[in-house]
There are 2 protein chains.
Amino acid sequence: MNDSRPIGVFDSGLGGLTAVRALQTLLPNEHIVYFGDTGRVPYGTRSRETVRKYARQDMRFLLSHEVKMVIAACNTVSASVSDDDLSLLHVPFIEVLTPAARRAVSCTKNKKVALIGTPATVKSGAYERAIHALNPDITLTPVACPLFVPLVENGFTADDDPVTTLVAQKYLAPVIESGADTLILGCTHYPILKGVLRRVLGDSVTLIDSGKEAAKQAKSCLMQNGLLAADTQTGETQYYVSDSAESFAMLAEPIIGESVADCATQIDIDTY
Amino acid sequence: MNDSRPIGVFDSGLGGLTAVRALQTLLPNEHIVYFGDTGRVPYGTRSRETVRKYARQDMRFLLSHEVKMVIAACNTVSASVSDDDLSLLHVPFIEVLTPAARRAVSCTKNKKVALIGTPATVKSGAYERAIHALNPDITLTPVACPLFVPLVENGFTADDDPVTTLVAQKYLAPVIESGADTLILGCTHYPILKGVLRRVLGDSVTLIDSGKEAAKQAKSCLMQNGLLAADTQTGETQYYVSDSAESFAMLAEPIIGESVADCATQIDIDTY
């Protein structure tokens, strides 16, 4: 107990901040080191080998900060890494896909679940495998949504944004068609578009936030392994990015809910 | 004369292929080595320092192929590189910005020119400087269009694509408002969206294709320096990319007008 080391969290860009926000709420005593690969975002439209290479560099960067746990707050990474990639870690590893799949299985009443994600996540079939391992009777409707990440990274996030609404209507048509009562937001960027998604889908569909589910999983794991920080510690978050810290701070503030300008630093990820 | 070495061309991803297509038509005897940084596209939403670093790696890669000329078929790079970055070259360097600016200045009749480009290109002010150096009386209306590159890279390119049309209507409103008779397509991806742009703008505005202008400039430069290939040589193009060669070949084919599957190779750009 009383492990003061930080939790390491990484993502392709801004999306993982939705998981950081959930961690800050659930585990207010924990220090967090965040890495957002803003110099190479997006991941989800790239090949599996490229995503794996980037993920290994991201994990090595976090390990250099003496983290006690690594969270891949990115569905594309969660769906792409292999045991071989993870063998470089000597600390617990949490990904976002399994907790989200588990939550979807426990939420659905009509056994119809839909998934929206990046092309890489959808193509991997990882959600199908995770869900069918838990319950083979569930029908999964997966839909790749390659434009959602660029829309978020460029600030098209207002609840009534006409471009994002048109794109969402196109992407969500097969979800509505499927009659699913549960939709996995299979990319940590997507909760930032919750307002638009809700307007297009209506209120009857349960939305599963993969970053939030991963944060709950991280808490259990820290408790089980005696890795929690002392409850007298005040958790602080350091942010690292591979492109301008200034642009990152501007886009991160509305997601995190406070200014991160003083704790954001640019690093060279190529060297990890 | 009779220099059989290839011309090196690079871009952040697919956009530079519009320049390659123009080169193949203008200079059918020349070999071309193309590098598309598909593992790190887009460039235009990143900071200047990150773009400069990527451009230096791209140029070092091309030099390793013994090229006789380097063409930055990317407006973001053209607007970002410094003399210091270019000092690593010992061959002629052609960028896309100056030829496009020159052409716009000679085309406009009402002295009102508009520019669409990536945020990095627009922010740099490089087009303003180039145009005003040629004619200080011209009014330039610059508009940043961050979503156009992701739309192209994800195939939203049909002339009547509803998403691209809506985005174009939004981005082009200040262009129409300005009364410009000439519009610089200040990103080599944009000619791929010419159909949509034409529908939104109507026929009265002259579109300047920066890749095509750069190809003309490259031809003059080769002639002046005695670097042309023999007219008995049949030009061949080799394509290199930093992500999957297979995905690249699929997206490149409609731009180049023939299959590139047999001449596309993935390389590791980090090592340059």
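**Close-ups of a predicted model**

**View 1. B:Asp209, a residue of strand E8 in chain B.** Here we're looking at B:Asp209, which sits in strand E8, spanning residues 206-209 of chain B. Keep in mind that this is a predicted model. B:Asp209 is buried, yet it has no salt bridge. The nearest side chain of opposite charge belongs to B:Lys194, 4.1 Å away, and the cut-off for a salt bridge is 4 Å. What the B:Asp209 side chain does reach is the backbone nitrogen of B:Gly211, at 3.1 Å. Leaving aside residues up to four places away in sequence, B:Asp209 touches B:Pro191 and B:Lys194.

**View 2. The two domains of chain A.** Now over to chain A, which splits into domain 1 (7-95 + 212-271) and domain 2 (97-210). Their centres, taken over C-alpha atoms, are 22 Å apart. On the domain 1 side of chain A, 26 residues are in contact with 27 residues of domain 2. Between them the two domains of chain A bury about 2,000 Å², with 54% of that on carbon and sulfur atoms. A:Asn75, A:Glu95 and A:Glu213 supply 30% of the area that domain 1 buries against domain 2, more than any other three residues.

**View 3. Polar links between the domains of chain A.** Zooming in on the same interface, there is one salt bridge between domain 1 and domain 2 of chain A. A:Glu213 pairs with A:Arg103 in a salt bridge, their closest N and O atoms 3.4 Å apart. Across the interface of the two chain A domains, 20 residue pairs are in polar contact. Helices H3 (75-80), H11 (210-224) and H12 (245-256) of chain A each give two or more residues to the domain 1 side. H11(A) gives the most, with five residues.

Technical notes: Residues numbered from 1 in each chain as written. Chains lettered and ligands numbered in written order. Predicted model: local features only at pLDDT ≥ 70, side-chain atom pairs only at ≥ 80, totals over all residues. Heavy atoms only, no water. Helix = DSSP H or I, 4+ residues; strand = E, 2+ residues; numbered from the N terminus. Buried < 20%, exposed > 50% of the residue type's maximum accessible area, 1.4 Å probe, protein only. Lys, Arg positive; Asp, Glu negative; His and termini not counted. Polar contact = N/O pair within 3.5 Å; in protein donor to acceptor, adjacent residues only side chain to side chain. Contact = heavy atoms within 4.5 Å. Domains from an automatic or database assignment. Buried area = accessible area lost by both parts, 1.4 Å probe.
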